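Biologist: Can you walk me through this model? I am new to reading structures.

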Amino acid sequence: MPITLAFDVYGTLIDTHGVVAALRAIIGDKAEKFSRTWRDKQLEYSFRRGLMQNYENFAICTSDALDYTCTYYRVPLAGEQKNELLGMYRALPAFKDAKEGLARLQAAAFRLYAFSNGSADTVEALLTKAGIRDFFLGVVSVDDLKSFKPNPAVYSYFLRRSGASGNSAWLISSNPFDVIGAISAGMKAAWGQRSPEEFFDPWGIEPTITVRSLFDLVEHIAE
């Protein structure tokens, strides 16, 4: 059976800190800290909503996290500025290794899917804007289940939608919680360690492989 690769989108293919330059123009030297807090809260809100079964889509989590971050840093953004930032979040750039890395995997005959917390229409538009949509056979969104990663049900849903089995399906993600979730659900998983300052959670569940660049995936998965 051909190997199927489920690519996380935010933080793995798409740079969630691609808003830093715009933030710097608005709030100055707080921009990088602001961006990190915004991203952390976005994920926290998705975890909490998933556990509470109080679902709102990922765009709402992103908007609520922005409101929290503005309060936390005492940055009184106007409504127009918030809308501008949220608009930028829907058009974030791909990481520099994304296009060539995906091209190598496609050439090696892997089956590629995007697998995201974001709604399908949002992810479709995001990948198209970033110039990488055509590498994927499809987009699988957890929004269909009204839950979020790392709920085990969403990984099972991916397998059903892609027609893959656990022993031939890999998750590719820079998010340790996502890697642990996929392995716990019976998939293999590659952790993309995009910075030496990033560490994997010490849960006793290790990535199948760890890579520093998407360029390394073909060789490591083949092994």
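Predicted model: local features only at pLDDT ≥ 70, side-chain atom pairs only at ≥ 80, totals over all residues.

Modeller: Residues are numbered from 1 along each chain as its sequence is written, and side-chain values use heavy atoms, with hydrogens and water left out.

Biologist: Which residues touch the most other members of the largest nonpolar core?

Modeller: Phe7 and Leu217 do, in a core of 71 residues. A nonpolar core is a set of buried Ala, Val, Leu, Ile, Met, Phe, Trp, Tyr and Cys residues joined through side-chain atoms within 4.5 Å. Buried means under 20% relative accessible area, exposed means over 50%, and partly exposed is in between (1.4 Å probe, protein chains only).

Biologist: What does Phe7 touch, not counting residues up to four places away in sequence?

Modeller: Its contacts include Leu13, Leu102, Phe115, Phe136, Ile172 and Leu217. Contact means heavy atoms within 4.5 Å.

Biologist: New topic. Where is Thr69?

Modeller: Thr69 is in helix H3, residues 58-72. Helices (H or I, at least four residues) and strands (E, at least two) are DSSP runs, numbered from the N terminus. Thr69 counts as buried because its relative accessibility is 0%.

Biologist: What does the side chain of Thr69 reach?

Modeller: It reaches the backbone oxygen of Ala65 at 2.7 Å. Leaving out residues up to four places away in sequence, Thr69 touches Phe34, Thr37 and Trp38.

Biologist: How many salt bridges does the structure hold?

Modeller: It holds 12. A salt bridge is a side-chain nitrogen of Lys or Arg within 4 Å of a carboxyl oxygen of Asp or Glu. Side chains of opposite charge can pair when their charged atoms come close.

Biologist: What does Arg194 pair with?

Modeller: Arg194 meets Asp97 in a salt bridge, 3.0 Å from N to O. This pair links distant parts of the chain, 97 residues apart: Arg194 is in the loop between strand E5 (188-192) and strand E6 (209-211), and Asp97 is in the loop between helix H4 (79-89) and helix H5 (98-107).

Biologist: Are those two buried or exposed?

Modeller: Arg194 counts as partly exposed because its relative accessibility is 26%. Asp97 counts as buried, at 8%.

Biologist: And what is the volume of the largest pocket?

Modeller: About 630 Å³. On a 1 Å grid over the protein atoms alone, a pocket is an open set of points where a 1.4 Å probe fits, with protein on both sides within 12 Å along at least five of seven lines, and lining residues have an atom within 4 Å of a point. Grid points are joined across faces, edges and corners, and a volume is the space filled by probe spheres set on the points.

Biologist: Which residues are closest to the centre of that pocket?

Modeller: Of the 21 lining residues, His17, Arg39, Asp40, Asn175 and Glu198 are closest to the centre. The largest share of the lining, five residues, comes from H2.

Biologist: Last topic, the backbone. Which residues does a cis peptide bond join?

Modeller: Lys149 and Pro150, with omega about 5°. Most residues other than glycine have a negative phi, and most peptide bonds are trans.

Biologist: What is the phi of Arg74?

Modeller: It is positive, about 55°, although Arg74 is not a glycine. Arg74 lies in the loop between H3 and H4 and counts as exposed because its relative accessibility is 73%.

Key:
Polar contact = N/O pair within 3.5 Å; in protein donor to acceptor, adjacent residues only side chain to side chain.
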